[in-house]
Amino acid sequence: MNHTQVGDITEQRFILYCMERNIPISKPLNNNLPYDIIIEVNGELLKVQIKTGYENDVEYGFMFNTRSTSKNYTEVVNKDYIGLIDGFITWYKDLPDKFFYIPVEEAASGCMNMYYGDNPKSNQNYVYDYDFDNLI
């Protein structure tokens, strides 16, 4: 599978997750927007970018990209999402029934490392602090 297919599957997982919980969700018709979907949480509309987590070099850890990468005719262009979205939704294969919401202003630049083991260190982003279920 290529990166686009993997991302599309994660996006569909989250849409189904929201539908099963009766969370209002809208999907833009244009795919050139900085956000993948809009969800309504506690009466507030949130523009979110959905990201698939991938392995990093930390046991019980994963990471996800916090920038978009596109190609034009001459170069690869990387852009961050600050001011364009409200947050990221991320999913990781080792935590298949969970989604995590990271506000864009709390996200690291470029990519963000997450930890899901039992003993997070003070400098680690503990994934359960961002559990989407705590937001709804």
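Modeller: A word on terms before we start: buried means under 20% relative accessible area, exposed over 50%, and partly exposed in between (1.4 Å probe, protein chains only). This is a predicted model, where local features need pLDDT of at least 70 and side-chain atom pairs count only at pLDDT 80 or more, while totals for chains, interfaces and linings use all residues. Residues are numbered from 1 along each chain as its sequence is written, and side-chain values use heavy atoms, with hydrogens and water left out.

Colleague: Okay, is Glu20 buried or exposed?
Modeller: Glu20 is exposed, because its relative accessible area is 57%.

Colleague: And which residue does Glu20 form a salt bridge with?
Modeller: Its partner is Arg21, with the closest N and O atoms 3.7 Å apart; a salt bridge here is a side-chain nitrogen of Lys or Arg within 4 Å of a carboxyl oxygen of Asp or Glu. Arg21 counts as partly exposed, at 38% relative accessibility.

Colleague: How many salt bridges does the structure hold?
Modeller: There are 6, and one of them joins the side chains of Asp133 and Lys98 at 3.3 Å, N to O. That pair links distant parts of the chain, 35 residues apart.

Colleague: Switching topic, what does Glu11 touch?
Modeller: Leaving aside residues up to four places away in sequence, Glu11 touches Lys27, Asp36 and Ile50, where contact means heavy atoms within 4.5 Å. Glu11 counts as buried because its relative accessible area is 8%.

Technical notes. Helix = DSSP H or I, 4+ residues; strand = E, 2+ residues; numbered from the N terminus.
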